[in-house]
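Here are my notes on the model.

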Amino acid sequence: MEQLEIQGGHSLKGSIRISGAKNAALPMLAATLLAQGAFRLRDVPCLEDVNIFIRLLEELGFKCKKEETGALLVDSSGLSSHEAPYELVRMMRASVLVLGPLTAGLGRAKVALPGGCAIGARPIDFHLKGLELMGAKLKLREGYVEVRARRLSGARIYFDIPSVTATENLMMAACLASGVTTLENAAREPEVVALGQMLQQMGAHIKGLGSETVKIEGVRQLSPVDWKIIPDRIETGTYLMAVGAAGGKLVLENTVPSHLDAVLEKLKNAGLVIDILDETTIRVKRRGRLKSVDVKTLPYPGFPTDLQAQIMVLMALAGGLSVITETIFENRFMHVAELRRLGADIRIEGRSAIVRGVSSLAGAPVMATDLRASACLVLAGLAAKGKTVVGGLNHLNRGYENMDEKLCSAGAVMKRVKIEETV
Ligand code: UD1
């Protein structure tokens with residue numbers, strides 16, 4: 001097991017290249033199930049979650065190989081199984097993304113039910129109802145969902161809440177269905193749009209990407225493509241906030257500023273100086289103490305839940321009182337108790353955290369409970385006086401490519417330390 005020892009109080013300076021987006025790479029890997037042949041995916045981030053998805057595709061009979069250029073070659077021609085086993089789904093909920101493509105491509109899928117996770121119950125009922133509406137027969141047994149359909153047929157599917165992976169799953173399924181599928185109240189996240197564009201390149205007929213209504217007219221066959229993963233907007237937001245926590249000035253390269261409108265606005269209101277240098281570059285600077293702002297997480301284009309924990313660190317140090325309201329996941333305040341250990345003044349009332357800014361945090365050992373909580377604790381460690389030791393690094397490794405190396409290259413002081421596992 002590893003933990004991260006952070007020596008706080010060093011401001012940041014330099015530039016950081018943003019990696020390809022995890023949440024775009026995973027559905028794109030799932031989309032390789034829709035066509036037979038050789039795909040080439042560029043800018044796939046090197047992350048635990050991506051490795052798990054690759055293992056899952058290999059279990060299904062694929063061959064995956066990293067090129068010297070870093071591109072990932074996925075040969076889907078050996079597809080021989082339709083089962084996503086519990087060992088892999090348990091490790092990563094996004095494994096359910098194979099459900100739609102497997103059903104559409106093979107006519108059947110057997111996928112373990114993911115169960116709850118640290119940030120809430122996170123059901124998959126929208127995914128299942130959508131497939132049923134498209135004519136699939138579903139059976140739940142022994143912790144698995146088994147889906148069968150000779151050929152899915154187009155349907156009108158309305159989501160009570162715009163779900164990212166349900167929109168992706170059903171959009172992929174609809175590409176090979178007969179007739180037209182309409183997804184209403186669909187998710188509009190940039191990763192959903194990017195997946196749709198990849199599917200269009202593969203030969204799919206999709207209209208309305210980025211809007212609440214996405215229409216897909218099924219085709220008989222799709223073809224493999226060479227495709228580049230979009231930059232990770234959550235990683236970008238995290239490094240913008242790292243400057244908010246540590247101070248200094250950073251240039252973030254290979255990003256898409258327009259994917260972060262709500263976040264940039266909020267951070268400017270909090271007092272960070274942010275300049276868009278060009279279509280792929282953002283410069284961020286902290287001058288003096290930040291101001292408190294209220295934050296409410298919402299589906300895109302609102303403020304992302306995946307940056308809620310990180311902005312809480314800034315508010316914990318800002319001058320004033322801030323209310324942070326989480327509307328997407330019911331249990332996403334696990335980081336609050338850890339921030340309190342560092343001296344933050346935070347109270348939880350229902351779905352809101354009331355954060356009273358303090359003048360400084362003090363280093364202490366803390367434990368990450370989920371992916372974004374781990375990033376939040378690293379930011380807190382950058383700001384805190386003295387040494388902060390972050391445990392639970394398996395969470396950080398799932399979603400941030402070389403975060404410690406990137407931050408150290410910009411002046412942060414931290415190192416990974418191996419520790420003995422105790423039972
Ligand atoms: C995706 C992202 C995750 C992000 C989340 C919200 C990936 C791989 N993960 O997760 O990083 O935090 O979007 O932006 O892209 N819901 C249901 N039934 C369903 C599906 C969802 O009730 O069948 C609810 C969820 O409990 C939640 C809301 O819908 O309250 C939105 O969740 P959803 O967008 O589905 O999250 P994920 O796709 O799992």
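Helices and strands here are DSSP runs, numbered from the N terminus. The model is predicted.

1. Start with Asn-254. This residue sits in the loop between β15 (248-253) and α9 (261-269). Most residues other than glycine have a negative phi.

2. Is Asn-254 buried or exposed? Asn-254 counts as buried because its relative accessibility is 17%, and the cut-off for buried is under 20%. A polar atom of the Asn-254 side chain lies 2.8 Å from the backbone oxygen of Ile-18. Leaving out residues up to four places away in sequence, Asn-254 touches Arg-17, Ile-18, Asp-43, Lys-228, Pro-231 and Thr-280.

3. Now check Asn-185. It has a positive phi of about 55° and is not a glycine. Asn-185 belongs to the loop between β11 (180-184) and α7 (190-202). Asn-185 is buried, at 18% relative accessible area.

4. Look at the peptide bond between Tyr-300 and Pro-301. It is cis, with omega about 15°. Pro-301 lies in the loop between β18 (295-296) and α10.

5. Then the helix pair. The axes of α10 (residues 308-317) and α12 (residues 371-383) come within 7 Å and cross at roughly 30°. That makes α10 roughly parallel to α12. Their crossing is right-handed.

6. Which residues of α10 and α12 meet? From α10 come Ala-309, Gln-310, Val-313 and Leu-317. From α12 come Arg-372, Ala-373, Ala-375, Cys-376, Leu-379, Ala-380 and Ala-383. By class, this contact has 9 nonpolar, 1 polar and 1 charged residues.

Technical notes. Residues are numbered from 1 along each chain as its sequence is written. This is a predicted model: local features need pLDDT of at least 70, side-chain atom pairs count only at pLDDT 80 or more; totals for chains, interfaces and linings use all residues. Side-chain values use heavy atoms; hydrogens and water are left out. Axes are lines fitted to C-alpha atoms, for helices over the stretch in contact, and angles run from 0 to 180 degrees between N-to-C directions. Helices (H or I, at least four residues) and strands (E, at least two) are DSSP runs, numbered from the N terminus. Angles under 35 degrees count as roughly parallel, over 145 as roughly antiparallel, 65 to 115 as roughly perpendicular and the rest as oblique. A crossing is left-handed if the near helix is turned anticlockwise from the far one by less than a right angle, and right-handed if clockwise. Contact means heavy atoms within 4.5 Å. Ala, Val, Leu, Ile, Met, Phe, Trp, Tyr, Cys and Pro count as nonpolar, Asp, Glu, Lys and Arg as charged, and the others, Gly among them, as polar. Buried means under 20% relative accessible area, exposed over 50%, partly exposed in between (1.4 Å probe, protein chains only). A polar contact is a pair of N or O atoms within 3.5 Å; within protein, one must be able to donate a hydrogen and the other to accept it, and residues adjacent in sequence count only if both atoms are side-chain atoms.
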